[in-house]
Amino acid sequence: MNDYRKTSTGQTIGRVILGAFLIFAGTGHLTWSRVEFLAQVPKWLPLSGDLVVVLSGIVEILLGLSLIVLSKQRVLVGWVVASFFVLVFPGNISQYITHTDAFGLNSDLSRGIRLLFQPVLVVWALWCTNAWKAWRGR
């Protein structure tokens, strides 16, 4: 039987780094990078772009804190974080399709490469929380 309740030192470090990354990015949503994040909000969303940036920033901060603090619920948190990365992916696609410059992504090549990193974030969230192992072990 796979024991998904225990994580390796590497997974724990990865979880804390991912949590810190989300807290940093979420803080950026609310402060110094607000305009950059606004460029990634698809125009077809039926909400104010600024509201989306603020709400997603708050969610990122909460998810980052959850990764770091809620170690007993890390499997659930891992699935929620992975789902969040999937849910924000349309913003990255929109930035590519509309050729919107933001965060130094000023070419289709750089925006395309950025798209390739979103699945890495999903896998990272599932790996460092043992969420994938817990699902496979059921």
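The model is predicted: local features need pLDDT of at least 70, side-chain atom pairs count only at pLDDT 80 or more, and totals for chains, interfaces and linings use all residues. Residues are numbered from 1 along each chain as its sequence is written, and side-chain values use heavy atoms, with hydrogens and water left out.

- Phe-85 touches Leu-18, Leu-22, Gln-118, Leu-121, Val-122 and Ala-125, leaving aside residues up to four places away in sequence; contact means heavy atoms within 4.5 Å.

**Whole chain**

- The protein chain has six helices and zero strands, and its pattern along the sequence is α-α-α-α-α-α.
- Along the principal axes, the C-alpha atoms of the protein chain fill a box of roughly 50 × 30 × 25 Å.
- Buried residues make up 37% of the 138 residues, where buried means under 20% relative accessible area, exposed over 50%, and partly exposed in between (1.4 Å probe, protein chains only).
- Among contacts with a separation of 6 or more, 73% are between residues 24 or more positions apart.

**Largest pocket**

- The largest pocket has a volume of about 820 Å³.
- Of the 35 residues that line this pocket, His-29, Phe-37, Gln-40, Glu-60 and Val-88 are the closest to its centre.
- Helices α1 (9-30), α3 (49-69), α4 (74-97) and α5 (108-128) each give two or more residues to the lining.
- On a 1 Å grid over the protein atoms alone, a cavity is a set of points where a 1.4 Å probe fits but cannot get out, while a pocket is an open set with protein on both sides within 12 Å along at least five of seven lines; lining residues have an atom within 4 Å of a point.
- Grid points are joined across faces, edges and corners, and a volume is the space filled by probe spheres set on the points.

- Ile-97 is in helix α4 and is exposed, with a relative accessible area of 57%.
- Ile-97 and Gly-112 are 15 residues apart in sequence and 9.5 Å apart in space, C-alpha to C-alpha.
- His-99 lies in the loop between α4 and α5, has a positive phi near 60 degrees, and is partly exposed at 48% relative accessibility.
- Phe-103 is in the loop between α4 and α5, with a positive phi near 60 degrees and a relative accessible area of 36%, so it counts as partly exposed.
- Pro-119 is in helix α5 and is partly exposed, with a relative accessible area of 45%.

Note on methods:
Helices (H or I, at least four residues) and strands (E, at least two) are DSSP runs, numbered from the N terminus.
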